[in-house]
Amino acid sequence: MSNEHSEIISRHSLLWLLLANVAILVPLYEKLTPWTMAICGICLLWRLGIFIGKVAKPPRYLVTFLALGSAITLALIISSIGLLNGLINLLVLGYALKYIEMRKRRDVRTVVLVGYFLIALTFINQQSIIYTLILGLVTTINTCVLVSLYHEGNKLKETALMGSKLIIQSLPLAALLFIVLPKLPPLWMVPQNGSATTGLSDEVSFGDIEKLTRSAALAFRAEFDRSPPANHLLYWRALVMEDYDGKIWTQHKSIKHIEKDVQFTVSGRVRPSGNPTNYSVIAEPSYQNWLYGLDVAFSDDSDISNLPDYRLYAKRSVDQQYRYQVQSYLKSPMSPVLDDKVKRINLSLPEASNLKTQAFANQLLLEYPDPLQRLNALMNYFNQEDYFYTLSPPRVGPQQIDDFLFENKAGFCVHYASAFTFIARKTGIPARLVTGYQGGEWNQQAGYLSVYQYMAHAWTEVWLEGKGWVRFDPTAMIAPQRVLEGFDAIFEPESSYLLDSPFSPLRLREFPLLNKLRLSLASMDYYWSVWVLGFDANKQQRVLQKLLGGVTKQKMSLFMLIAISLIGLTIAYSAGLLTFRKRGERHATKYTQICNRLSSKGLKRRLDEGPLDYGKRVELAMPSLANEFALFTQYYIALKYQPLTKQGQKKISKLFLSLFKQIKKKL
């Protein structure tokens, strides 16, 4: 009966379980399907009803029915939500259903352990410093559930303090393990999440980049060794589109084939010559492989391939924050000599497509036989005619470029870049469409650029004899402020990237003090990304080198031995297997030793006998020891029970220890 009673879950633990359940599941809401959220809501409400005494525990057949229904539903929709999201939903459903059918204390421990796993899973997807602090709080709440199991009589505040104390005590150990343990690559591959892609796509139509202008999400951040280039030079290349079917621009199959085999091939592009601009980039998760770099980008990172179209390509998808080093050779030409096959690809056009535009291109070719003069004339044409730059262009028909160029005369960057590329090809100039980002927000406090999704941009690269691929951006002729000063110079944030982001911190830009606070918090998050999330094997090696003054096998072995010993001692001390004598116990130990000596001579101290009574008995039985033991007893009482100054305690302690030696010698 007593054993059954010990397995009963107290109301104190049930309350902490309710708090932990909500705290763990809320950060995962973006990953959950409506069906999963509905099941979790039912389980939470049922547990709340149990807590307040309104409903009984659910029968096992009901829990089994919900579990089977959930599994079948997930199996039916897993192809649309992706394997990774499906596994997350399955784990969350298991957590919720186990939570509702708990009956014994060991069930609570199981739920807590699964809760820790879900917290870690959330951290994999959300690693900003704000989320880290939030997840630290969630971890503390989950720990409080365990504390409540073993301290049922504690109040809510006492349990919270004890749980917080346990987490704080673990931080030094976590920091030591973080620095010491080898930084090994993951032993598994995270399933690709096809439905969670963000940002640019490997195909572009007239409306694609326009959609990104409604997103205030961060794309990446860049920190330069020196002052960053001016805004009009910040063209971050991501994708190169060479195929056009009259509606959509896509990558050519040859470059897709190279990207597919990037894991098994060595980058064939050689480092450009010249004086590079050095910088590092922290890319946000995009679940894609393409990276960002200025002209002409080159990276020595082993996990990055330098593609022949002068792009950077990660060897595995960017599913977490990814930091890499780049050198850009801004004055170096791209492909001074063009391969005939590449030239044919970048001159091809769909047959019978945009006939009005083709006629206009032929006329332009007759008037300007020189390629550079022809391109400049086309740029001036956009500037002089009544073209309009807008985020809400009119609809176009099957002949997209014809409708835009001669009917609507209003469009976004993709419209102008598509028309420019089409006309250049028709007049015999190899041309391609490039997508990426243009500009960046400078954070003066931390010295880095933030590039957001709404800064997505498209432009044209044409190949000129002796110059290679050269950038032409017709947007600069229609809306020069967009390139010179940034997106916000011509578009209202409230009608673009803030329209669907009511709680975006970018709204604080209008208020100087709040904007300063926003930039400060962003700086903290940036340093967190650089120093903690970016703590890779190379940084670990540099830290250890500073600590050890040169990393050798002998030093590393000794350092690891010391670190592991400290970790072991810490764990043993925390578990109560190792104790250290407190400073005040030294005098009690000496006093006990004398009492033990007297006990061997027939003067044993009784359990109910205080130091004064015992002292009087010793004085009567051993007159030769009376004076010394009387003083010894007084000093002991003063040290143990009386409030003393630091100097007074030191003086009496010295006298006490001196008498201890004298009495010990006599005995």
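Tutor: Start with surface patches. To join one, a residue needs over 30% relative accessible area and no salt bridge, and nonpolar side chains are linked within 5 Å. Keep in mind that this is a predicted model.

Student: Which residues form a nonpolar patch on the surface?

Tutor: Phe511, Leu514, Leu517, Leu521 and Met524. Together they have about 460 Å² of accessible area.

Student: Why is Leu517 called partly exposed?

Tutor: Its relative accessible area is 48%. Buried means under 20% and exposed means over 50%. The value of 48% falls in between, so Leu517 is partly exposed. Leu517 sits in helix α18, residues 512-533.

Student: What makes Val204 buried or exposed?

Tutor: Val204 has a relative accessible area of 4%. The limit for buried is under 20%, so Val204 is buried. Val204 belongs to strand β1, residues 203-204. Beyond its neighbours within four places in sequence, Val204 has contacts that include Met241, Trp249, Val414 and Thr435.

Student: How far from Val204 is Leu161, 43 residues apart along the chain?

Tutor: Their C-alpha atoms are separated by 55 Å.

Student: What makes strand β3 mostly covered?

Tutor: Seven of its seven residues, 235-241, are buried.

Student: How do you know that β3 pairs with β13?

Tutor: Pairing takes at least two bridges. Six bridges join β3 to β13, residues 431-438, and the two run antiparallel.

Student: Which residues have the most contacts inside the largest nonpolar core?

Tutor: Phe220, Trp236, Tyr324, Phe382, Tyr437 and Val462, in a core of 77 residues. Helix α15, residues 413-426, gives the most to this core, with nine residues. Apart from it lies another core, of 41 residues, among them Ala23, Ile88, Leu97 and Val108.

Student: What is in contact with Tyr324, leaving aside its neighbours within four places in sequence?

Tutor: Among them are Tyr279, Leu291, Asp301 and Leu312.

Student: Why is Tyr287 called buried?

Tutor: Its relative accessible area is 14%, under the 20% limit, so Tyr287 is buried. Tyr287 lies in the loop between β6 and β7. Its phi is positive, about 60 degrees, although Tyr287 is not a glycine.

Student: Where is Asn354 found, and what makes it count as buried?

Tutor: Asn354 is in the loop between α11 and α12. Its relative accessibility is 0%, under 20%, so Asn354 counts as buried. Asn354 has a positive phi of about 50 degrees, although it is not a glycine.

Conventions
Residues are numbered from 1 along each chain as its sequence is written. This is a predicted model: local features need pLDDT of at least 70, side-chain atom pairs count only at pLDDT 80 or more; totals for chains, interfaces and linings use all residues. Side-chain values use heavy atoms; hydrogens and water are left out. Patches are made of residues with over 30% relative accessible area and no salt bridge: like charges are joined within 9 Å, nonpolar side chains (Val, Leu, Ile, Met, Phe, Trp, Tyr) within 5 Å. Accessible areas come from the Shrake-Rupley method with a 1.4 Å probe; for residues, only the protein chains shown count as cover. A salt bridge is a side-chain nitrogen of Lys or Arg within 4 Å of a carboxyl oxygen of Asp or Glu. Helices (H or I, at least four residues) and strands (E, at least two) are DSSP runs, numbered from the N terminus. Buried means under 20% relative accessible area, exposed over 50%, partly exposed in between (1.4 Å probe, protein chains only). Contact means heavy atoms within 4.5 Å. A nonpolar core is a set of buried Ala, Val, Leu, Ile, Met, Phe, Trp, Tyr and Cys residues joined through side-chain atoms within 4.5 Å.
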